[in-house]
Amino acid sequence: MALLHRPGRPAPTGHPRRLARTAAALAATLALLPPLVAAGGASAQEVPAADVDVHVNTQAALGRLSDTARGVNAAVWDSHMNDPEVAALMKTADVGAMRYPGGSYADIYHWETHTAPGGYVAPGTGFDAFMGTVRATGAQPILIANYGSGTPEEAAGWVRYANVTKNYGAKYWEIGNEIYGNGHYGSGWEHDDHADKSPREYARQVRAYAAAMKAVDPTVKIGAVLTAPGNWPDGITGEGDPGDWNHTVLSQVTDVIDFVTVHWYAGGSDTSADTAMSRLTRLPGELREVRAQIDRYAGADSPRIGIALTEVNTNTGGAQLTARPNGLFAADAFMTALENGVFNVDWWNTHNGPGAITTVDGETDYGDMGMLASGSCTGDVCQPAPNTPFHPYYGMKMTGELGTAGDTMVAAASSAQDLSAHAVHRRDGRLSLLLINKNPDAARTVDLAYAGFSPSAAAPEVSRYARGDSDITDVTDSGASASRVTVPPYGMLTVTLTPKSGTGPGASAAGIAGTPRLEAVTDTTARLSWAGTTGAARYLVQERDGAHTYLVGETTGTSVTLRNLPPGSTHTVNVLAADSAGRLAAPSDPLTFTTGTPADAACTVDYHRDTSWGNGFVATVSVRNLSDTPITGWTVDWDWPTDGQSVSSGWNATFHQSGRHVRVTAPENAGPLAPDGTSTASFGFVGANDGPNPDPTVFRLNGAVCAGG
């Protein structure tokens with residue numbers, strides 16, 4: 001497991017550093033234009049055959065971009081954090097959030113005196129100076145109330161000063177930084193003066209902070225700290241605790257918080273940014289598990305509670321942090337997180353300070369987790385002038401080329417692992433695609449196909465960031481078409497298409513339907529409802545499978561019951577309003593839900609995780625036969641929810657795993673399972689998980705679906 005931590009004192013450079021811490025697609029009109037390349041100057045006769053397919057479906061919405069989507073961290077030990085150039089650069093990159101006072105420093109920082117006992121505070125980094133930069137950027141602050149050495153009264157005083165005295169309108173307030181790193185689980189990098197360092201005490205204090213702060217300004221939004229599933233100390237239960245950090249905290253605070261915060265660093269034993277890009281495939285599952293945990297404890301109130309990824313970077317060591325691959329990672333990470341249900345992503349950090357010096361892709365890598373140079377040195381190697389952008393800045397800026405607040409993220413799927421695709425359907429009807437080629441050696445020629453969008457005959461607008469570019473570069477005249485582009489090695493393209501006249505949501509008289517709500521769910525049915533919209537003659541409910549969608553319900557009303565769903569299955573749906581001519585409006589935001597198990601099942605299975613340690617666990621499974629006849633020679637089957645879960649070894653049964661599927665067979669000397677639940681078969685195993693570790697959703701005894709124990 002990787003421990004993420006930040007020291008409470010400045011590094012020798014004066015800046016602290018992080019230390020090792022199916023169905024067919026809906027029919028779509030596709031305008032095919034002559035195949036031309038996006039870059040490289042080849043003629044139409046020299047165009048290579050496409051080696052990647054990208055499919056975009058504008059009828060599969062992934063959510064809308066918020067005004068706080070792109071963010072950065074700012075730290076009180078950073079003497080350059082309020083340089084005028086910072087605000088100008090961040091405004092150009094469409095940064096909408098700036099987090100303060102800087103990671104673990106938040107738990108030693110006192111806003112009123114602008115002091116951090118035990119740490120370094122740079123001149124000119126006080127709260128009012130920070131807010132000057134925030135306002136010049138056009139962003140919103142995300143403020144971290146001091147939990148480690150502060151009090152609810154101190155936090156309430158900060159709210160009063162910010163929003164009553166100064167009228168800053170500071171909306172988002174986190175309660176502490178990485179409080180789970182306070183030593184309760186054995187590793188302690190986060191300052192915490194509370195005698196009780198348990199998640200129970202943190203939850204109790206969150207309630208006290210929320211009450212004090214909302215008494216001053218009821219409009220503020222309070223965020224509680226969670227750990228990312230699959231990352232330490234996820235799954236570890238401390239002495240005397242009812243569960244691990246996330247489950248204990250959420251069980252006590254969902255009625256008083258408005259969002260949760262998680263931090264995500266790709267980590268791994270290989271600290272290269274190339275490896276980090278491949279580990280991004282874990283992030284969607286981890287964010288789904290965070291939402292599932294909120295769902296469990298908040299119930300119908302869950303949609304009100306947002307998720308913010310307030311720190312993200314490749315790793316906490318020092319490899320490939322300012323180099324080009326980390327710029328690709330930044331663009332991919334921002335969009336991956338936003339597409340999977342977070343409203344805010346904040347890069348660590350604006351400036352950070354140099355670390356190990358290496359050479360990556362022919363350039364000096366300064367081992368610096370900042371987006372902008374601090375101008376500091378490691379030995380006789382010095383960074384460029386302060387505020388010179390590193391590659392991660394341009395990665396974030398490239399996502400601003402893709403879309404802005406209010407635009408809709410839509411599903412895009414690539415056939416190649418080393419080419420990522422992201423898409424945004426803009427409010428004005430245009431469609432933008434971000435293509436990221438993570439291959440350092442070869443350009444990728446991409447065939448583009450669309451569902452729900454018909455491109456016009458006009459050449460697309462194209463922006464590029466690749467080797468040789470000192471900034472994002474307009475290459476509209478390079479020959480890209482709506483059907484084919486070529487992405488340079490270690491490069492990014494943003495391609496923006498206009499719709500064919502008279503097509504798309506803009507041609508529909510119907511508005512956008514409300515986000516569907518789950519009213520009731522059984523093992524095979526789900527009742528959904530949504531807010532209606534003007535101009536709608538009927539509503540289509542479509543389920544998403546990757547970047548494809550298929551119709552699962554249709555009604556003239558604003559509710560529908562989906563039937564014949566598999567028990568324990570997960571579904572993501574959008575609602576689309578159609579006008580009287582059948583023209584579809586833009587899709588609603590998505591809803592994801594999971595069906596249950598039958599209440600009248602002929603068996604029960606109780607799955608219990610006995611202990612966990614971040615990337616491994618021990619579980620016990622108990623099976624009862626509720627039918628009226630005994631069962632001899634039983635088998636129990638389940639499927640893991642994520643790819644990274646597996647059985648390592650077990651006892652009291654025989655285990656076999658193929659892909660995600662696990663089959664457990666009774667031992668040879670096992671007696672029959674008696675009828676009517678009068679006997680129990682139990683077995684256990686040691687499991688491993690690389691990433692999140694959600695429990696299986698459905699178990700089968702000799703093929704029959706069982707109820708939960």
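Two strands count as paired if DSSP finds at least two bridges between them. The exercises below use this rule on a predicted model.

**Exercise 1.** In what order do the strands of the open sheet of 3 strands stand, and which strands are at its edges?

Solution. 
- Step 1. The order is S22-S23-S26, and the pairing is antiparallel.

**Exercise 2.** Over how many bridges do S22 and S23 pair, and which residue in S23 is the bridge partner of Arg517?

Solution. 
- Step 1. S22 and strand S23 (residues 526–529) are joined by 4 bridges in the antiparallel sense.
- Step 2. Arg517 has Ser529 in S23 as its bridge partner.

**Exercise 3.** Describe how helices H4 and H5 are placed against each other, and name the residues that meet.

Solution. 
- Step 1. The axes of helix H4 (residues 199–216) and helix H5 (residues 245–253) come within 9 Å and cross at roughly 30°.
- Step 2. H4 is therefore roughly parallel to H5, because angles under 35 degrees count as roughly parallel.
- Step 3. The crossing of the two helices, H4 and H5, is right-handed.
- Step 4. From H4, the residues in contact are Pro199, Arg200, Tyr202, Ala203, Val206 and Arg207; from H5, they are Trp245, Thr248, Val249, Gln252 and Val253.
- Step 5. Sorted by class, the contact of H4 with H5 has 7 nonpolar, 2 polar and 2 charged residues.

Technical notes:
Residues are numbered from 1 along each chain as its sequence is written. This is a predicted model: local features need pLDDT of at least 70, side-chain atom pairs count only at pLDDT 80 or more; totals for chains, interfaces and linings use all residues. Side-chain values use heavy atoms; hydrogens and water are left out. Axes are lines fitted to C-alpha atoms, for helices over the stretch in contact, and angles run from 0 to 180 degrees between N-to-C directions. Angles under 35 degrees count as roughly parallel, over 145 as roughly antiparallel, 65 to 115 as roughly perpendicular and the rest as oblique. A crossing is left-handed if the near helix is turned anticlockwise from the far one by less than a right angle, and right-handed if clockwise. Contact means heavy atoms within 4.5 Å. Ala, Val, Leu, Ile, Met, Phe, Trp, Tyr, Cys and Pro count as nonpolar, Asp, Glu, Lys and Arg as charged, and the others, Gly among them, as polar.
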